[in-house]
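Please read it with the sequence and the structure side by side.

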Amino acid sequence: MPAKLSRLFRLATSLIILVMTLLLSTSACAPPPTQRTQPAKRSTPATAAITPPIVIEISAATLGLPPVQDETAREYAKASVLLQRDSALHFDVTIPREAEYTFAFDMAAAPTSVGRPEGQMRVDGNFPRSDFQRVIFPIYFRNSTNTFPKDRYGNDALIHQVRDVRWTKAEVRDVNFSEPYPLRVKLTAGTHRIDFTLTEGALYLGSSYVATFAPYPDYAQYLAAHTEPDASGFLSTLEAESPSYKNDTSARPNNNRSVTVTPYDTYLMLMNTLGGDSWKNSGSTVYYTVNVPTDGMYALTFRVLQNTRSNFTVFRRITINGKVPFEEFNAVPFGYTADWADVPLGGETPYKVFLQQGANELGIEVTDSPYLPAIKTIQQALLDINTLALEIRKLTGNQRDPYKEWVISNYIPDIQERLKTIAQHLIDDKDTLLSTNQGGSSAEVLTYQMAIDNVLFLAADPDKIPIYMGRFSEGTGSAAQLLGSLLPLLQEQPLAIDKIYVHSPDSVPVTPGVPFTASAVEDVKRFVHSFEPDPYQSLSADEGELEVWVNRARQYVDLLQLMADESFTPQTGIRVKFSIMPDESKLVLANAAGIQPDVALGVSTDRPYELAIRNALYDLRTFKDFDSFIHIYSPGALLGYIINDSVYALPETQDFWVTYYRKDILDSLGIPVPHTWNEVIEILPELQRYGMNFNTALSTGTGYKNYLATAPYLFNFGAQLYSNDGFATGLQSENAIAAVKFMADSFTIYGMPLTTASFYESFRYGTVPIGISSFETYVKLMTAAPELGGLWNIDLYPATVLPDGRQLRYATGSAQTSIMFKNTDKPEEGWQFLKWWMSTETQAEFQERLMLNYGREYLWSSANLEAFSRLDIPREHKAVILEQWKWLQEPVRLPGSYMQERELSNVWNRIVFDGVNPRVAIDRSVIIINREITRKMEEFGYLKDGQRVRDYKIPTIETVTEWMKNAK
């Protein structure tokens, strides 16, 4: 019989056996239509009867949009359209029978899409569930080369990731990729309208699909459908660190020093594993190409390590050629292992999967779906706790008197029942958590139990809650804090993979062990080698190299060196040696000793002036193209680095101070988001009535309040920091006195918090649901507070309304800078490097590669406005930040200005804590400040015997703006 007819005969036979098996099992033991079957390993929705699936395809040609015929579109065999952000389309679909339906799209993310494309999908004009408000489409990446590049010391570096524009059938899934199945919508028979709007990115759209929902078959059903013979004598080994492509670049290669991992080198760091703690977010997927010689049944074995979470099971979803073959592959468990272990998928009797002759695609996706019930319970418990805590604060206000008795149950009659319900739901899911982890007691289970104990303690006597809010919703150790810390632990699923074995079922591979003597010898070699100097800490450059010190961690330095070697050196012929800066506070000493570098990066914003005034830095404005280059900055960002008409530093990164607010809390209290300080004052009584408050920059940190916190008050009251000639303070002006008085009144009269130990924590737990904070808070909320997803937002810094009606909202913002030392013998090379480093293209690539390699925790807030506008963060947040940066104004520095910064803090402390009259406190400080400015002006040659011998020009925003205009 010809091979083709033979395969058709086997397929027909398999289908007949499958149908007969299903019919027999259905007639014998099918549950009533309203019940669900419970498979041994996990629950899957069951169907009432075996019915043929319905798949309705809607061609892109019927959408009424112009077709595209570019290279990407031609790779798709059918009609396609290109959707840009805010593009909308709709189609009608006729449903033949009532059932649950899923949705999918043939799509490819456009090359111009910076982040993952997102859209909104409505069915009959409504969102069937909240997840349809954010339909996320995949975006793919691949290695730009097949071999790891070497850094200058012979160690492997990460391969540059490039976009891989490929077509795929993307199912509509939940926003967190936690559900075991695509989103389902129950549709009645008849015509339904589907509306889709692209809200982020750009994508090519092919056919759309509406299909009846069908659960994956279990393994027994899968085997019954596949009667192909087992492969024999086959073994293929894939190195996990080299996937074909992936949808998340944080699933990155890593170095592991175990001698059993390949490749291995005693002295060099080789990229020899994939993942670990960097590959943990649900939905993150890597894909491998598997080539097999014949059609048949094969087995899979992974060599893995999961030693980051003791007694905790993590899960991976396995796809073969884009589909989950059977239910057991929808969430494959990997338990805790102290060392590398070979794990056959399926255990002692490995699962067999059908692979076709030639190339097959193996997908390995992080999934937290087995923990989804617990995750949802925790999320609901947090909402219930916050809601109940808010109701209690509405009753008790700010009172925390331990001797005051409350009868809360008179005002909230069902409080005990609500507490017991919260506790019972947590108890039920704790048992689920234990069973998921094979009964092991992990740190996650213990945290769960502590939260339950807190809730049960309060449920026993709810009237004690007002004095035990620390066990309920506020602070460390509260039920809310414990559950909030547990949530990301359940959502994160870290796993490292060394190798993937694809083999015939009759030959389970075993990685050979390493003899003890060989392992001991390697340990001794590495111990001896550890006494060698670290080349990354070396502070000397070779002849002809530009020496650059970087005040950042090694990850940044490695990427800088790689990018410079890839692009800057080939473009200019200038070789650059980067070193980690040992201590930026010793830059002055390094300069005095003559061992300073040519260029330094990552220098704190207060350092350049102190170095420049001592003639240690190069005047960057002497370069002819300086004025034309600085158009990429906010004009006010340069003010702290200007002495007369010279500029001694370039802003590198930039902070921002904006208003953070909890949407859920403000909405429940009916409090609007304030846009001016007058509006802030208006909402304070309502906040304080419920034991809440508004955070300011003055509330953060220690007793010393630097310019970052104090200068904006002066700017926004129209006051000048110094006199027009720069030889005296400007604090004695009426505007300055009014600014200082408001700074103090905010705390003495209006009751803003004197100290907020951590605004992030207070904001997270709702005790301070609104306030001013910086970029650091933004990164924490974006990466470490998943329970607040969609519940917070940002707005502009509150404006000060002046008597003439003007609204000023100036704030500081500079963070780190780049400088060039005056003693360099390569000024032209140094300037070329600084222009390359701060250029829009380099900054955009650096911030992209930094996040792609290390995750969103490494958000890079570039001072280059054009580069920052390309940062992959929500566009509404980006718009607020860029608008606030139009009001960026750094404090001007001059000889002795440090004394004004210190005394301004002292004035605030005297007024707030000692009750000193503002004018008296300011008059006392004016004398001290002017004395120090005079002394420093004499030291640096501006005064001699009390007489002015040189002028000191105070720069303004208008000064820098004029430079920019004249350069055009």
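In what follows, Ala, Val, Leu, Ile, Met, Phe, Trp, Tyr, Cys and Pro count as nonpolar, Asp, Glu, Lys and Arg count as charged, and the others, Gly among them, count as polar. By these classes, the lining of the second largest pocket has 17 nonpolar, 15 polar and six charged residues. The model is predicted.

**The second largest pocket**

- The second largest pocket has a volume of about 780 Å³.
- Its lining consists of 38 residues, and those closest to the centre of the pocket are Asp 655, Trp 657, Ser 774, Phe 775 and Glu 776.
- At least two lining residues come from each of strand E30 (650–654), helix H17 (707–716), helix H19 (759–765), strand E33 (770–773), helix H20 (775–784) and strand E37 (814–820).
- Helix H20 gives the largest share of this lining, with five residues.

**Cavities**

- The model has three cavities of 30 Å³ or more.
- The largest cavity has a volume of about 60 Å³.
- Trp 657, Ala 697, Leu 708, Ala 709, Pro 712, Tyr 713, Ile 772, Tyr 797 and Thr 812 line the largest cavity.
- Helix H17 contributes four residues, the largest share of the lining of the largest cavity.
- The lining of the largest cavity has eight nonpolar residues, one polar residue and no charged residues.
- The second largest cavity has a volume of about 40 Å³.
- Its lining is made up of Asn 143, Phe 148, Leu 158, Ile 159, Gln 161, Lys 246, Thr 249, Arg 252, Pro 253 and Asn 853.
- By class, the residues that line the second largest cavity are four nonpolar, four polar and two charged.

**Sheets and strand pairs**

- Strands of a sheet pair through backbone hydrogen bonds, either parallel or antiparallel.
- Five strands in the order E26-E25-E27-E37-E30 form an open sheet with mixed pairing.
- Strand E26 (576–580) and strand E30 stand at the edges and have a single partner strand each, so one side of each is left without a neighbour in the sheet.
- From one strand to the next, the twist of this sheet averages 25 degrees.
- Strand E25 (residues 546–550) and strand E26 run parallel and are joined by five bridges; Leu 546 has Val 576 in E26 as its bridge partner.
- Another open sheet has four strands in the order E3-E11-E5-E6, and its pairing is antiparallel.
- The edge strands of this sheet, strand E3 (88–95) and strand E6 (135–136), each pair on one side only.
- Strand E5 (residues 118–123) pairs with E6 in the antiparallel sense over two bridges, and Val 135 in E6 is the bridge partner of Gly 119.
- Strand E16 (residues 273–276) pairs in the antiparallel sense with strand E15 (residues 253–254) over two bridges; Asn 254 stands opposite Thr 273 in E16.
- Strand E16 also pairs in the antiparallel sense with strand E24 (residues 495–503), over three bridges, and Leu 274 has Ile 497 in E24 as its bridge partner.

**A pair of packed helices**

- Two packed helices are described by the angle between their axes and the distance between the axes.
- Helix H18 (residues 734–748) packs with helix H26 (residues 918–939) at an angle of about 120 degrees, and their axes are 10 Å apart.
- The crossing of H18 and H26 is right-handed.
- Glu 734, Ile 737, Val 740 and Lys 741 of H18 make the contact with Pro 918, Arg 919 and Ile 922 of H26.
- By class, the residues of this contact are four nonpolar, no polar and three charged.

**Backbone details**

- Most residues other than glycine have a negative phi, and most peptide bonds are trans.
- Thr 262 and Pro 263 are joined by a cis peptide bond, with omega about -10 degrees.
- Pro 263 is in the loop between E15 and E16.
- Phe 177, a residue other than glycine, has a positive phi, near 55 degrees.
- The loop that holds Phe 177 lies between strand E9 (168–171) and strand E10 (185–187).

Notes: Residues numbered from 1 in each chain as written. Predicted model: local features only at pLDDT ≥ 70, side-chain atom pairs only at ≥ 80, totals over all residues. Heavy atoms only, no water. 1 Å grid on protein atoms, 1.4 Å probe; cavity = no way out; pocket = protein on both sides within 12 Å on 5 of 7 lines; lining within 4 Å. Points joined across faces, edges and corners; volume = space filled by probe spheres on them. Pairing = 2+ DSSP bridges. Axes fitted to C-alpha atoms, helices over the stretch in contact; angles between N-to-C directions. Left-handed = near helix turned anticlockwise from the far one by under 90°. Contact = heavy atoms within 4.5 Å.
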